[in-house]
Structures are given as C-alpha cells and as structure tokens.
2 protein chains.
Amino acid sequence: MRVVKKAEERKNEILDAADELFAQKGFDGTSTNDILEKVGIARGTLYHHFKSKEDIMDALIDRYNVLLLDGAQDIAKDKSIPVIERIVRVVMALNISNVESGSSKEIMEHIHKPQNALMHQKIQKVIVNGVPPILTEIIREGIEQGLFSTPFPYECMEMVVIYANAVFDGDMVTMTDEERGSRMLAFVCNVERLLGAESGSLMAVMAMFGGGNEGGDE
Amino acid sequence: MRVVKKAEERKNEILDAADELFAQKGFDGTSTNDILEKVGIARGTLYHHFKSKEDIMDALIDRYNVLLLDGAQDIAKDKSIPVIERIVRVVMALNISNVESGSSKEIMEHIHKPQNALMHQKIQKVIVNGVPPILTEIIREGIEQGLFSTPFPYECMEMVVIYANAVFDGDMVTMTDEERGSRMLAFVCNVERLLGAESGSLMAVMAMFGGGNEGGDE
DNA sequence: CTCCAATAGACCGACTGTCTGTCGGTAATA
DNA sequence: TATTACCGACAGACAGTCGGTCTATTGGAG
C-alpha cells in the first residue's frame, strides 16, 4: 500500500523510529530493516531520504543538539537572573530530563550504552564545543562582578564540561551512589578553585536546586 | 599449505596484523578477511583463537594497556625522583611516542580516527580508571611534603586525566597550534590551582622537559 | 476557467556484494 | 590415541543500489 507524504514529514517519521530503536538496541544493533518495518516503508524510500544509515544518526544528533543548545542559550542570555544561579540553571537545562518528550524523546538513553560508541562520541563533540562558549559568557559577567577570578574562563569551562560529561553522564567511570556523592562534592569544590570563587559560594546555590538533580552536564 | 604453530605465537601474529590494519583502516573498515589474508590463515583458524572480531580488539587493547600502565607504575614507584618531576615523567611515559615500536607499534594512531569510536572509548575507559590511582599516590606524597594542598587528590587527578586525554590526545577539540599552546598554559595554571600548588611550581618543571612533548595524558 | 500532459519527486522491492561467525572434518603433535 | 591447531565451504544477515511505478503539481492549450 502506497502512501505519499511530504519529504519532511517522512524524514521525521524515520528519525522518530530510529530514535526509539537506537535507544532500545543501539546503532549497530538496529538494522535498516528494523527501521523500515517500524515506519512501514520500503528500502528504497529510506535511501531516498537519507544517503546512509550513519546519515540518519547525524540527522538525529542535529535535531537533538538544536533543541539542547538553543534552550541553554535562552537561559544564558537572561541577565535578570543572578550569575551563579544562572549557571546552575543552564547546567540543569542541559540535562535531558528537562527536555519535554516532544520529538527526541529518549535520545539520551542511548548515548550511554557502550554499543553506541559512535553516537556517544559525536554528541560529546558537539557538547564539548557548544556548551563552554555559552558558559564562558556567564563567567565573564561573574568576573566583572568580582565573583570569580581567572585568566582562563574558557579553558576552565572546557575542563568542567568535559569532566562532568565523562563522569556524571557517561559510563566512563562506574560508581556507587556514595562515590557519586563524594565526587559531586569534590567537583563543586574544584570548580570553585578553578574559578577563583569564594569557597562555598557555588555549593550554596547548588544546594538550593539540589533535590534529584545531579549537576551533570549534557 | 598447512603450518602449525603454538597458540600464543599465532595469537600474536593475528594481533600484530590486526594492529596494523586497524591503524590503517579502522576497526569497522577492516574485515576479518583482511586479517586472514595478512596473516595467511583460514577463517576457522582465526575463530579458533578468538571468539569474535571484537575479541581481537579487546586483546589488542589489553596488550597495549599492560605495556602502558606498567611502564607508568615503574616510574611512579621510584621515590628517588622528586615529586613534581616524577609526575611529569609519568605523564610523558603515558605518551605513546615513548613506547618503542615493539609489539603494539602503531596502536595510538587509530584511536584518534573517528572511525574507531569503540576502540577509542575502550582505551579511554582503561586510562581514566587506571591512570588516576597511579598519579594520586604521587600527589599524596606531594601533600605530605607541603607541595600541594587538596582534600580531593583522586578527584583532581581524575579531572586532569580526563581533560588532558580529551583535549590534547583526542580529536574532541580541533585547535590551531596557537590555541593548543594557550590551552597548555591554561591547563598547567588550572592544575596548580586544583592541587593548591604554588603558582608556577608546575610550570617550572614542565619547562625543563619542554621540547616537543606536549603533556597530553594517555 | 478547465483539462490534460509533462515533469518532479516520493515510493517500491528484488537484488548484489560483503561480512561475520559456524561446523564438520583433516593434519600434526605429544 | 588424544589433543590441539588448522582448514574452507557455508549460512544468515545486512547495507546500499537500481530500474521502475505511482502521485501530485504545474503550466499551457483550448
């Protein structure tokens, strides 16, 4: 049975299906046939819209990153929020949990699975290059206000983002809940040192938001 | 033509071939047939020694990591070397360039290629879990000697290793030589802050070793 | 304004080549 | 004789291709 749709609509159908399947079975574990079946289209149709299986993954990552980085930017630009609180908010926005289950519902679940090394790497790359600039701007404000003091705001943020991403979001390090907690503490203290912030100044604000959230990064 | 060899010898032949091929064409880009051909054995032989293609990669990584971490350990244990110098030496030992082209000649060239995401990830994992403990021991000595001051030596090292690994060795961030230089400078200063070391104390020792070496980590 | 033909592009599914892993059997070694 | 290294044909799965079909749109003739 032949159903014709607009290219963009079809593309999104394919991406939605791939999104879910990759989440369940990983990129390598998902065959193009799986996607075909789920969408209900023929092989040729898929390759009419995407030039390869990897092309699908790239499009998926794009779709997700726009959502993520734009959201973070919006908060970062809102100068009515105090600097430190804004940092915490941006970091929270970068956590998937907040992304309402619109189009890229479960994307975050896959990237941790060891199966999806390539996707993981690609998303990491975008985060590592996209997030620090956003945060650096806020840090600069903080420096002007005398909250922070560092000659290397960008490099600090790069370090913070890479570390948080690897440890708190990735599966690089396996931790018990206890280890996780102590690492969070150490992390906050270390960030204070890097930024030349007053000891405890970050900790205080973080505690306000505390609750379930972790302070990971992506 | 049938040639019989000891299992271990054959295994190493296979690993050597895989080593070289993965370096050239990546893991996914290398077929088992390529390996078969290069070693000059039949399919069955390969699967007699290794249970899967991925198993070959794991063995390759193992072989490499033993070389790497043991070398670093040896230096770390040599208490006749001053603490800061020893740190620099350990870091240098972790740079591939030093691994004489014995068995795992070119292993390092692949892990950067985007193709080899899985291998990259696996090696990273070993480094991130294996290197910080080694360095932490030295830091503890440094603390006793009053050189450093931090309540979180392990977490500091974890951060340092993860960052250096991602930025200086990986292809996570693309930099010009100039950016690279400024990042090195910022990195050293940041590490001094993290460790609570006197400003410039690390820089001084690093400069001694300077030359071509970069101070990356793995 | 209507109708029809031509064009673009969405869609189909059989097919190809390649790849990984298996299995029954054979030669060498201890 | 028993074990272990080795062989190569084979099965099953998968990514990507290709010739061709169907549908919607558009623009020109009537």
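## DNA strand D

In this predicted model, helix α3(B) provides the largest share of the surface near DNA strand D, namely five residues, where near requires a heavy atom of the residue within 4 Å of the strand and helices are DSSP runs (H or I, at least four residues) numbered from the N terminus. The elements that give two or more residues to this surface are α3 of chain A together with α1 (7–25) and α3 of chain B.

Among the polar contacts (pairs of N or O atoms within 3.5 Å), a side-chain N or O atom of Arg2(A) lies 2.7 Å from a base oxygen of DNA strand D. Phosphate oxygens of DNA strand D are approached by a polar side-chain atom of Thr32(A) at 2.6 Å and by a side-chain N or O atom of Thr45(B) at 2.7 Å.

## DNA strand C

DNA strand C is surrounded by 25 residues, of which Gly44(A), Thr45(A), Arg2(B), Thr32(B) and Tyr47(B) are the closest; of the atoms of DNA strand C within 4 Å of the protein, 58% belong to sugar and phosphate. Here the largest share of the surface, five residues, comes from α3(A).

A base oxygen of DNA strand C lies 2.9 Å from a side-chain N or O atom of Arg2(A), while phosphate oxygens of DNA strand C are 2.9 Å from a backbone N or O atom of Lys5(A) and 2.7 Å from a side-chain N or O atom of Thr45(A).

## Helices α8 and α9 of chain A

Within chain A, the axes of helix α8 (residues 153–169) and helix α9 (residues 177–195) come within 11 Å and cross at roughly 175°, the axes being lines fitted to C-alpha atoms over the stretch in contact, with angles from 0 to 180 degrees between N-to-C directions. The two helices α8(A) and α9(A) are therefore roughly antiparallel, a description that applies to angles over 145 degrees.

Contact (heavy atoms within 4.5 Å) involves residues including Val160(A) and Phe168(A) of α8(A) and Phe187(A) and Leu194(A) of α9(A).

## Conventions

Residues are numbered from 1 along each chain as its sequence is written, and chains are lettered from A and ligands numbered from 1 in the order in which they are written. Local features need pLDDT of at least 70 and side-chain atom pairs count only at pLDDT 80 or more, whereas totals for chains, interfaces and linings use all residues, and side-chain values use heavy atoms, with hydrogens and water left out.

Note on methods:
Polar contact = N/O pair within 3.5 Å; in protein donor to acceptor, adjacent residues only side chain to side chain. Parallel < 35°, antiparallel > 145°, perpendicular 65-115°, else oblique.
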